[in-house]
Amino acid sequence: MFSANRYVTNGVVANVTHVVYVDPERYAELGDRQSLLAVGRAVGKLNTVLPKRQFILIGPGRWGSRGEIKLGVSVTYSDISNTALLVEIARTKGDYVPDLSFGTHFFQDLVEANIRYLPLYPDDDGVVFNESFFRDSPNVLGAMLPEYDDLADTVHVIDVPEFAGGLSLQILMNGDRDEAVAVLGDVGADAVEPASAQSTDTRLRDDAWRWRLEMAEAVAAQIDAGRFGVQAMYVAGSTKNATAGPCSDIDLLIHWRGNQRQREELMLWLEGWSKCLDEINYLKTGHRTGGILDVHIITDEDIEKGTSFAVKIDAVTDAARMLNLGDKGAQWR
């Protein structure tokens, strides 16, 4: 799909299911500042609804521009915090090549958050950039965020497995050779890592997500919904998507109706679970997180307005999974 040969670091971004592509040419054609800012807001909303660390952002450099936002999409770190990789496209215009994010505070935020970064210079000799894939593949932006459908010419969201017959995007980066390549391949393809490391990592990850899902089911089974004002519970994120590792948290979405005292008691009850599960995880894996449950309270108003994590409920893609309240079938381990 694309290659790069400048400023490449070592790493693998595997099993990418979604691509958010901001078309550089269409972005430059937007006529007013409000439209440019709207692109940044759309990216920020996508950051909350797409599967965490399973999507990448591609767009004109440089991302995070605050002044002359024609130079790149105006976003903050919180707008891109869940992406696995940020790609900045630097198109040559006459004798001018845009500056990218190296050395900026924005770039440092990416490094510290372990978000991969890759600059792409499509006009360099030997570089591959399959622009038709990013421009012409079906755009699911309108289905995911109907309020931003008017930006569909500029912001292109690609559901890779849906478009590519079940394949996902794999990005392989070799800093020693200063080369990177993005290809379509099987989900979980063994080629992305040495076989011994991959098999060990797969076993640990498989155990991690299964145990987390069982624990999410156990929490839901043990909760006194009436006491706490809980209407429904959902699991989301890496636990639901079977990608959680030994350090991952468990994202719980709780549809809640109650008074302040009920909420305080609910959070105390969940904190006890969180710390106990963290201790068990430490004994199993040697990793501590300080608390393994990441709880998101969702109200009727959130659901009505589609705000916060409420967008995960009945979402078009990466929808949260409902848990059974009071089901004693999940066994404590």
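**Strand pairing**

Entry 1. I note at the outset that the model is predicted.

Entry 2. I then looked up the strands around this pair. Strand β3 covers residues 18-22 and is joined to β7 by 5 bridges. The two strands, β3 and β7, run antiparallel.

Entry 3. I asked which sheet holds β3 and β7, and in what order its strands lie. I found an open sheet of 5 strands, ordered β6-β5-β4-β3-β7. Its pairing is mixed. At the edges I recorded β6 (116-120) and β7 (155-159), each of which pairs on one side only. For the twist from one strand to the next, I noted an average of 15°.

Entry 4. I turned to another sheet, also open, in which 4 strands follow the order β1-β9-β8-β2. Here I recorded the pairing as antiparallel. The edge strands are β1 (2-4) and β2 (11-16), and each has pairing on one side only. Neighbouring strands of this sheet are turned against each other by 15° on average, with direction ignored.

Entry 5. How many bridges join β1 to β9? I counted 3 bridges between β1 and strand β9, which spans residues 179-185. These strands run antiparallel.

Definitions and conventions: Residues numbered from 1 in each chain as written. Predicted model: local features only at pLDDT ≥ 70, side-chain atom pairs only at ≥ 80, totals over all residues. Heavy atoms only, no water. Pairing = 2+ DSSP bridges. Axes fitted to C-alpha atoms, helices over the stretch in contact; angles between N-to-C directions.
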